[in-house]
Amino acid sequence: MIAKAIWGERRNTQDEYMDFTADFKAPKGEKIFLKISSDDKFAAYCNGTLCAFGFCQNFPEDKEALVFDITPYCEKENSLKITAWHEGLDTQTAFNLDAYLAFTVECGKKILLTSDESVRCSRNLNYRSGYCKRITPQLGYSFYYDNTVFCDAGRATPATVYETVSFRERELANLKLGARRQTTVTEREDGWLIDLGVETVGFLDMDISCDEECELTISYGEHLSDGEVPRLLDGRDFSVEFRAGVGRNLYMNPYRRLAGRYLFVNAKNIRINALGIRPVEFPILANKVKFENKTLQKIYDTSVYTLKCCMHEHYEDCPWREQALYALDSRNQMLAGYFAFRGHKYQRENLLLLAKSQTESGLLNICAPSGIVLPIPFFSLIYPMQVAEYIRHTEDDTILSEVGGTIRKILAFFRGAIDDTGLIPTLPPPAWNFYEWSTGSDGTVNGQRSYAPETYDLILNLAYLRAVSYADALFGETTDTEEMKRKIGETFYDEARGLYRLSTGGEPTYTVLGNAMAILAGLGDSALAERILSDPTLVPVTLSMNTFFYDALLSVGSYEDFILSDILKKYTPMLEAGATTFWETEKGAEDFGGAGSLCHGWSAMPVYYLHLLKDAKKKRGETL
């Protein structure tokens, strides 16, 4: 799409909502398409009906347009209204770009309407622009909506044209808005508690009546704490605000996705006709898989639902707190998704999006897109694995022509980081030397990211070896890594314990993850696997890293029964606690100062391993 980028008189505002209106004629019986791009989020209304909404995955030099078939909403004479939300800050889901809206309405090769000086614009007065109320640092702003304000179209003035831009059209399907779901509403002394029944991701949707104007603060969350929906958590504010007018108030916010199971409205003098989160989902077909064991079936189905809740314009780590695309999180999601869902276009597009996050150094940035520069070296080394697994499961090796250079640049960075010891040291800021949320592996001290110069981490060096092996297989090359393997053994292997220590810094720490990855890198065998299983002093592996633990066991022996029992051991307690999606860590909501996510895509790995175990048992004439 080629179109003019328009906005109001100023483009560098913060938390601003702008309305754009124009009319167009449409021929009867022809397909009509809206192609649209903005610097952030938008919603379009054709003849007063919501016909398009979305979020553009923009990089500064690679702006994206979405394409919508709006034929069902069109008549001969049509009015188009688009409200665009410019947050105006860098987050882990977006860059702070100059505000803009660009669009065309097309019928075949004919352009019926385009963004130019003929489009009229004005600030939307219902949304409190400039409010700048943060939900979380990763996610961005909340909102305040005033339903007592009437937006007079007569205030609109011609839009300002800033530039003509070529936009890349997104190839993924657009998100779908689901129907309202039944909720349980409980009146309390201080307001109303709404139970959505299950983890739900989507738009705040409300139908309430008031006898007088009133202010509502609506808190949302994944759990209850002492019967309350936790709103303020260590600087985070999980709430939105709404000013209701006299009479009936119908409202749905199509910009900010909320997620959780519970809502709380701190108002008494209202009547709730309907209030909840209207589901927003990426359209995808799930494969039907049946297990004889009812608990395994529940674990599998809950894992699949967890994956669905973490799939929107791209993969998300968690829909409640961050909604961000990470390499490691998405690797888990992709691997499970090859078995849970039909098709693989979604995985491909996410891999391309991750490649665009590559920094000048060669590391991938923490998220894609992200205006916050905070690369996690370990996650960059996961990327070659993601690409190799994609090709293995889809047989689509054409992707290598698009991301092969990204992989080579990642490995070139790490080759250049190898010092005189023959190893890769921990990397200085802005890098975050994170591996998993466990003792010694989270790259923090007292909750703050830390950096210890002249130290070496086992997992980083092992991850490099694995990344090289995947890259060699992809490119048909052979890299000699024997010397580095020898150095890793000399530096990290503890002869007395028969285990690899986690780092050269501080007191020796031994983890399941570090030793499992040693096996995967060819530095351990079944004897090491047995030591991992028999030594209770090792730091346990977390839900996100079960995959490397299980893969290590499968690579050296027949540990299918252990893996099955381990999945039951770790996931059954979550179900017994009422989980409808799986948690970020086994601690659940209590982790991270009460901000532990109860829906995290990286924890859906039972999908993958239950498929493997089911196939293994089938070969033996057994069932699962």
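At what angle do helix H4 and helix H5 pack, and how far apart are their axes? In this predicted model, helix H4 (residues 377–394) and helix H5 (residues 400–417) pack at an angle of about 145 degrees, and their axes lie 10 Å apart. The points below begin with this pair of helices, then turn to strands, to backbone details and to pockets.

**The packing of H4 and H5**

- Two packed helices are described by the angle between their axes together with the distance between the axes.
- The crossing of H4 and H5 is left-handed.
- On the H4 side, the residues that take part in the contact are Pro377, Ser380, Leu381, Tyr383, Pro384 and Val387, and they meet Leu400, Val403, Thr406, Ile407, Ile410, Leu411 and Phe414 in H5.
- Sorted by class, the contact of H4 with H5 has 11 nonpolar and two polar residues, and no charged residues.

**Strands and their pairing**

- Strands of a sheet pair through backbone hydrogen bonds, and the pairing is either parallel or antiparallel.
- E8 and E9 form a hairpin with two residues between them, and glycine 108 in the turn has a positive phi of about 65 degrees.

**Backbone details in the loops**

- Most residues other than glycine have a negative phi, and most peptide bonds are trans.
- Asparagine 47, a residue other than glycine, has a positive phi, near 55 degrees, and is found in the loop between strand E4 (41–46) and strand E5 (49–55).
- The peptide bond that leads from alanine 368 to proline 369 is cis, with omega near -10 degrees, and proline 369 lies in the loop between helix H3 (345–355) and H4.
- Another cis peptide bond joins proline 429 and proline 430, with an omega of about 15 degrees, and proline 430 has its place in the loop between H5 and strand E27 (444–445).

**The largest pocket**

- The largest pocket holds about 1,100 Å³ of space.
- This pocket is lined by 39 residues, and those closest to its centre are Trp432, Phe434, Trp437, Glu584 and Phe592.
- Strand E28 (448–449) and helix H12 (591–594) are the elements that give two or more residues to the lining of the largest pocket, and H12 supplies the largest share, three residues.
- By class, the lining of the largest pocket divides into 16 nonpolar, 11 polar and 12 charged residues.

**The second largest pocket**

- The second largest pocket holds about 410 Å³ of space.
- Its lining is made up of 18 residues, of which Gly440, Ser450, Asp457, Ser503 and Gly505 lie nearest its centre.
- The lining of the second largest pocket comprises four nonpolar, 11 polar and three charged residues.

Key: Residues are numbered from 1 along each chain as its sequence is written. This is a predicted model: local features need pLDDT of at least 70, side-chain atom pairs count only at pLDDT 80 or more; totals for chains, interfaces and linings use all residues. Side-chain values use heavy atoms; hydrogens and water are left out. On a 1 Å grid over the protein atoms alone, a cavity is a set of points where a 1.4 Å probe fits but cannot get out, and a pocket is an open set with protein on both sides within 12 Å along at least five of seven lines; lining residues have an atom within 4 Å of a point. Grid points are joined across faces, edges and corners, and a volume is the space filled by probe spheres set on the points. Helices (H or I, at least four residues) and strands (E, at least two) are DSSP runs, numbered from the N terminus. Ala, Val, Leu, Ile, Met, Phe, Trp, Tyr, Cys and Pro count as nonpolar, Asp, Glu, Lys and Arg as charged, and the others, Gly among them, as polar. Axes are lines fitted to C-alpha atoms, for helices over the stretch in contact, and angles run from 0 to 180 degrees between N-to-C directions. A crossing is left-handed if the near helix is turned anticlockwise from the far one by less than a right angle, and right-handed if clockwise. Contact means heavy atoms within 4.5 Å. Two strands pair if DSSP finds at least two bridges between them.
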